[in-house]
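Take a walk through this structure, one piece at a time. Keep the model open beside the text.

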Amino acid sequence: MSDLLHNQETRPADLPAGAPPLLTLSGIAKYFPGVVANKDVSIDFYPGEIHALLGENGAGKSTLMNIVTGLYQPDEGELILDGYGVRFESPEAAIAAGIGMVHQHFKLVSRFTVAENLALGWRETGFRLSASAMARRAEVEAERYGLDIRPSARIDTLTSGEQQRVEILRVLSRGARLLILDEPTAVLSPLEVGELYAALRRFRDGGGAVILISHKLDEIMALADRVTVLRHGRVSGTHLVAHTEPSTLVTEMIGRPVEQKSDYPRKMPRTDDDAVMVLENVSCRDGAGQMRLHPLSLEICAGEILGIAGVTGNGQSELSDLLAGLRSSETGHVLVDGKDMRGRGPNAFREAGIGYVPEDRLHKALAPALGVTENAVMRLFRTSPIGGRLAYHASEALRFTRSLLDQAQVSLAEPATPIRALSGGNQQRLVLARERMISHRALVASYPSRGLDIGAIALMRQTLADIRDEGRAVVLVSEDLDELMALSDRIAVLCGGRLMTVVPRGDYDRARIGALMSGRNGGASS
Amino acid sequence: MSRRIRLSVVPARRIFIGRALALGFVFLVLALVLMLLGLNLGTVATLVVTSTFGTEFGLENLALYMTPLLMTGAAVWLALRAGLWNIGAEGQFLAGATAASAVGLFLPFPAFVTLPLAAMAGMIAGACWSAVPAAGRAWLGVSEIITTLLLNFIASYLVYYLVTGPWADRVTGAQVSSERIHAAIPTIYGVVHWGGPLALAVVTALGLLLGRSRFGYELTLSGSNPEAAHYAGVSVAPRLFMALVFSGALAGLGGMMEALGTVHRLQGGLAHGYGYLGIVVALLARQSALALIPAAFLMAVILNMGIVLQTLQVSASSVLAITGLLVFAIAVSDELAAYVRLETQK
């Protein structure tokens with residue numbers, strides 16, 4: 001066994017000899033029908049280290065963490081906590097043993113205050129509750145872990161960064177020694193990311209163990225002490241971060257080296273740069289009457305990729321819904337090819353040749369319970385040959401679906417399968433292929449790389465560049481600055497629903513765009 | 001080692017086997033109860049089978065039960081396609097019967113004019129009865145389950161008022177009943193009228209139309225995920241409204257058939273629970289409109305069985321108990337059918 005692990009760096013660098021791991025996974029396996037989710041997974045997690053778990057979607061990270069947190073039982077292998085074999089029958093058992101998880105989607109009660117949410121997790125919360133006692137307690141805990149919170153604030157008034165702090169504090173205050181974070185930086189502004197890093201390092205230095213699930217390489221290089229790469233449900237390597245290179249990790253993660261291009265040059269010179277869509281002074285409010293998008297004007301031109309940068313939830317989804325006609329503007333105009341689209345619905349935008357890959361594909365662009373066929377024709381069921389004024393031709397729909405599956409490179413024997421039975425990546429590919437077919441003029445793509453693995457992301461980016469080369473416009477909403485800077489001809493930065501500025505390709509500066517994203521007016525450079 | 005996992009797509013064969021087992025289970029429980037009541041199982045079984053299938057009266061009864069069940073079943077099924085629960089088929093059925101009876105009682109036309117008029121009146125009345133809940137659901141998000149259900153009671157008491165008050169029978173003095181309606185749906189054989197074949201045709205047409213029309217696709221999409229339907233450019237609210245209104249019209253047509261074909265009078269209790277049993281029929285039929293036919297048949301057999309049991313001094317509520325048990329067993333079997341044993345190697 002030991003020679004098998006010969007090239008694996010199984011212990012942190014500066015660990016005193018003989019210090020035992022906090023948690024050991026030994027030969028863990030988990031099977032689902034037709035899928036090996038995990039197999040032969042052996043990892044040691046030591047106190048005082050930040051251990052990153054890297055892998056593509058479907059590599060088995062989530063399943064493994066569900067086993068560690070007691071949601072699933074392993075089919076083989078065992079969990080060893082402090083030297084004793086344990087079996088977590090439920091998430092409560094894992095929490096009681098000191099294992100806490102901060103999920104990507106926070107599990108907080110949004111109408112409760114911070115103190116009330118913290119009290120929810122406390123075992124000692126008594127029958128009688130006093131607001132002041134809860135607030136005092138919250139402050140004590142916040143002090144102890146050095147996390148800055150306002151106990152009396154309601155959760156729905158907090159930014160996602162603040163909510164995350166509450167979530168982390170709740171897990172820690174329940175006595176967690178092992179903290180698991182799932183993609184923690186996805187919802188944070190660059191400034192908040194720094195604060196999170198500091199808090200995690202503090203926790204580690206106090207002897208806590210952190211498992212960081214991520215597929216952002218730079219994040220892992222900056223924060224983690226060790227990294228374990230998972231591929232096809234198995235461990236493909238464990239390394240000290242200080243001794244490894246990002247390219248090694250990528251190769252291990254996907255089994256072959258993939259070059260993440262930082263530039264997608266045009267294959268031919270741009271011939272046409274007329275404005276395809278023009279936004280004049282458009283704005284949006286949400287149901288509660290709060291301004292989600294402040295009046296802004298923007299031109300989208302043929303043959304360009306316009307990037308939209310911003311921390312998630314700063315008006316991007318409102319803007320992209322507007323561009324696709326799913327939402328109408330309170331003020332101003334949306335012009336497509338010079339025509340005012342006021343009062344026209346999503347179908348008019350589709351007819352005008354605007355495709356849309358929305359952020360939450362499964363719930364917004366697909367009907368999960370319906371078959372793949374019904375979903376494939378969702379945007380085109382009115383047009384010949386699938387549909388007529390009244391008719392719907394099931395056989396034509398099936399033929400169309402098969403060709404779409406081909407284009408999307410999804411192999412599926414039975415198109416009547418409900419689409420929710422497909423993997424997230426395949427759902428995403430189908431939506432992208434469908435919308436590409438529609439977008440004669442422009443494609444609005446919101447977070448198109450979410451849910452895709454690195455190989456598929458490279459393919460998707462190339463597709464966007466191809467669409468641009470064909471003289472169509474692409475609006476790319478993303479939280480990944482590298483992606484935006486590699487693809488976009490211009491980057492528009494949104495913060496708090498305001499258009500901060502539009503940066504042309506020549507002036508890209510990571511620090512400046514980062515500052516704009518967190519609301520500071522990029523004054524540094526001017 | 002083996003574990004059980006849940007399939008996301010359940011093969012029809014598994015569902016079918018599960019349901020056969022569920023039906024078997026229901027009969028087993030029924031047999032047990034009958035035994036505890038001190039009845040001879042052999043006698044009961046013979047009696048049920050011979051009186052249902054072995055006599056002209058039984059077969060006629062079966063056909064007469066099936067007709068309204070097909071219509072209310074189709075009504076509930078249509079709404080379910082749009083993700084809506086029409087609990088009000090009972091009320092819509094009564095509204096349709098009332099309107100059709102009004103045409104039959106008070107308009108002095110020959111039958112070939114009266115019958116189409118009555119059918120139209122029945123459908124319009126049923127549609128109107130569901131229009132308010134439909135509008136509330138479609139544009140205001142008011143739960144259609146509550147509103148359609150509550151309107152049932154209003155329809156029921158309205159019929160009682162009419163048949164004991166202004167429309168009461170003053171010729172023969174029949175209680176809680178209108179006079180005999182002279183226009184009648186022509187019969188095919190014995191007392192079985194053309195409503196049955198019409199109901200079969202309606203169900204078949206419904207299946208074909210929804211499967212091959214844009215409206216059917218849009219309805220399914222709106223029912224399955226309204227947000228995605230909006231994205232696909234479908235106006236969801238009008239579709240939901242139409243679905244519930246059409247659903248009401250189908251139930252109303254069923255009411256017309258019952259009043260002018262089977263009972264020939266407007267009576268209190270005319271609906272006989274057909275509206276509620278229609279929910280069971282639609283649930284049994286699942287996705288397919290054609291499956292409404294065997295489902296309605298099964299329900300008709302159970303209703304007939306109830307009559308036989310009553311002659312053996314078993315309470316009339318036994319039908320409800322059996323139906324409830326059946327729904328329960330089938331819901332459980334459909335769920336269990338999704339689970340398969342998975343063998344894992346060591």
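Start with helix 1 of chain B, residues 12–36, in this predicted model. Helix 1 has 25 residues. At 1.5 Å a residue, those residues should span 36 Å. The C-alpha atoms at the ends of helix 1 are 36 Å apart, so expectation and model agree.

Which residues of helix 1 of chain B are buried? They are B:Gly18, B:Ala22, B:Val26 and B:Leu30. An α-helix has 3.6 residues a turn, so residues three or four places apart point the same way. The buried residues of helix 1 pack against helix 13 of chain B, residues 318–336. After helix 1 comes B:Gly38. The phi of B:Gly38 is positive, near 85 degrees.

Now step back to the whole of chain B. Its secondary structure comes to 13 helices and four strands. The radius of gyration of chain B is 22 Å. The globule rule gives 20 Å for 346 residues, and the two values are close, so chain B is as compact as a globular protein of that length. Along the principal axes, the C-alpha atoms of chain B fill a box of roughly 85 × 60 × 35 Å. Of the 346 residues in chain B, 47% count as buried. Contacts also reach across the sequence. Take those in chain B between residues at least 6 apart: 78% of them join residues at least 24 apart.

The largest nonpolar core holds 241 residues. Those with the most contacts inside this core are A:Val475, A:Val493, B:Val281 and B:Leu292. Helix 10 of chain B, residues 236–263, gives the core its largest share, 15 residues. What does B:Leu292 touch, leaving out residues up to four places away in sequence? Its contacts are B:Leu70, B:Gly73, B:Ala74, B:Trp77, B:Val203, B:Val281 and B:Ala285.

Finish in chain A, with a sheet. Four strands of chain A form an open sheet in the order 12-11-14-15, with antiparallel pairing. Strand 12 (291–301) and strand 15 (339–340) are the edge strands, and each pairs on one side only. Strand 11, residues 275–285, pairs with strand 12 in the antiparallel sense over seven bridges. A:Val278 has A:Glu299, in strand 12, as its bridge partner. Helix 9 of chain A, residues 316–323, packs on the sheet. Helix 9 touches strand 11, strand 12 and strand 14 (333–336) of chain A. The direction of helix 9 makes about 130 degrees with that of strand 11.

Terms used:
Residues numbered from 1 in each chain as written. Chains lettered and ligands numbered in written order. Predicted model: local features only at pLDDT ≥ 70, side-chain atom pairs only at ≥ 80, totals over all residues. Core = buried A, V, L, I, M, F, W, Y, C linked by C-beta atoms within 7 Å. Buried ≥ 20, exposed ≤ 12 C-beta atoms within 10 Å, placed from the backbone. Helix = DSSP H or I, 4+ residues; strand = E, 2+ residues; numbered from the N terminus. Contact = placed C-beta atoms within 7 Å. Rg over C-alpha atoms; globule rule 2.2 N^0.38 Å. Expected span 1.5 Å × (residues − 1). Pairing = 2+ DSSP bridges. Axes fitted to C-alpha atoms, helices over the stretch in contact; angles between N-to-C directions.
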